[in-house]
Amino acid sequence: MVKTTDIKKVFDAYERELSLVEAKLEGLFQSEAPLIPLIGKYLLESGGKRLRPLFLLSSARLAGYKGDEHIALAGIIELIHMASLLHDDVVDAAKIRRGRPAAHSVWGNQIVILVGDFLYSNALRKAVSFKDQRIMEALSEATTSMTEGEILQLQKTADINITEDEYIKIISAKTGLLISAACRIGAILSVRPPAEENAFAMFGLKTGTAFQMADDILDYMAEESELGKKLGKDIGEGKITLPVIYLFKNASADEKEEIKRIIEKPSEEGLRRILALFRQYSVLEESLKRAQALVDEAKDELSIFPDSPDRDAMLSLADYAISRDK
């Protein structure tokens with residue numbers, strides 16, 4: 001498992017390029033509609049690790065890219081991610097994002113949805129300027145899949161019969177494919193052969209999927225004193241994630257009925273019962289093993305490249321997907 005110092009070294013190694021990406025992001029919010037740069041400033045000030053740009057930057061470096069187009073494209077990737085967060089917070093009625101009121105809590109749903117639409121369309125408009133059909137295909141596939149993933153998740157709200165394959169399909173679409181596109185674009189810029197480009201893309205897909213899987217597991221790993229703040233979030237929104245899928249698979253018939261009732265009408269008492277059942281069936285451990293297996297598969301994708309500091313950086317990013325703090 002990656003150490004905090006290891007991932008800090010990765011961020012430090014890309015500090016200059018990430019600062020250039022940040023400057024590009026500011027420019028991508030420019031508009032004659034004053035609310036767009038205003039909300040953009042609010043989003044940028046809210047922070048974020050810029051992991052998706054880092055995947056593109058590190059892929060480009062490992063692939064041997066020597067130009068500077070990766071900076072703007074990394075900004076475009078982050079802009080798409082920001083647009084998805086704006087829309088997701090409205091859909092989920094989320095009140096807080098990164099410790100601050102969610103944008104829709106400040107400006108309202110209508111404005112924020114339209115700003116999210118602007119970010120999506122502006123990202124793709126800027127990407128067109130690179131005149132590379134394959135870059136456009138990677139970005140278009142990712143943005144389309146992100147929306148499909150969100151709709152699939154809504155269709156499965158409170159559906160306790162969701163399968164593991166359906167769950168993975170949803171999180172791959174929502175999270176995995178944008179990170180896959182970031183990694184693929186690094187290879188496209190470097191004009192790498194198809195086998196290498198595919199290795200980058202699969203590395204990103206598996207790492208991104210593991211990243212979301214770990215996020216879902218971490219929601220259930222809060223201290224019980226933080227139960228309402230963290231554990232209640234997914235259950236309260238009717239999101240059936242991997243730990244609950246595994247629990248329902250292993251539970252007795254009576255416990256299955258109890259779990260259904262808790263899902264239908266969440267309460268703090270019910271959530272504590274879910275936690276107890278997680279412990280009884282070692283569900284969180286089983287879920288983490290599944291996420292770790294995905295990370296191991298992702299790292300294997302890069303085995304076609306020789307050992308190097310750049311390859312090590314990407315391997316550390318994969319490990320970070322499931323070892324980070326919430």
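Which residues lie nearest the centre of the largest cavity?

## The model

This is a predicted model, in which local features need pLDDT of at least 70 and side-chain atom pairs count only at pLDDT 80 or more, while totals for chains, interfaces and linings use all residues. Residues are numbered from 1 along each chain as its sequence is written, and side-chain values use heavy atoms, with hydrogens and water left out.

## The largest cavity

Leu-43, Leu-85, Leu-86, Asp-89 and Arg-97 lie nearest the centre of the largest cavity, among the 13 residues that line it; a cavity is a set of points on a 1 Å grid over the protein atoms alone where a 1.4 Å probe fits but cannot get out, and lining residues have an atom within 4 Å of a point. Helix 5 gives the largest share of this lining, four residues (helices are DSSP runs of H or I with at least four residues, strands runs of E with at least two).

## Helix 2

The end C-alpha atoms of helix 2 (residues 15-28) are 20 Å apart, which agrees with the 20 Å that its 14 residues should span at 1.5 Å a residue, the expected span being 1.5 Å times one less than the number of residues. Glu-17, Leu-18, Val-21, Leu-25 and Leu-28 are its buried residues (buried means under 20% relative accessible area, exposed over 50%, with a 1.4 Å probe and protein chains only). Seen down the axis of helix 2, these buried residues fall within an arc of 95°, so they line one face of the helix; the arc is that of the directions from the helix axis to the C-beta atoms.

Conventions
1 Å grid on protein atoms, 1.4 Å probe; cavity = no way out; pocket = protein on both sides within 12 Å on 5 of 7 lines; lining within 4 Å.
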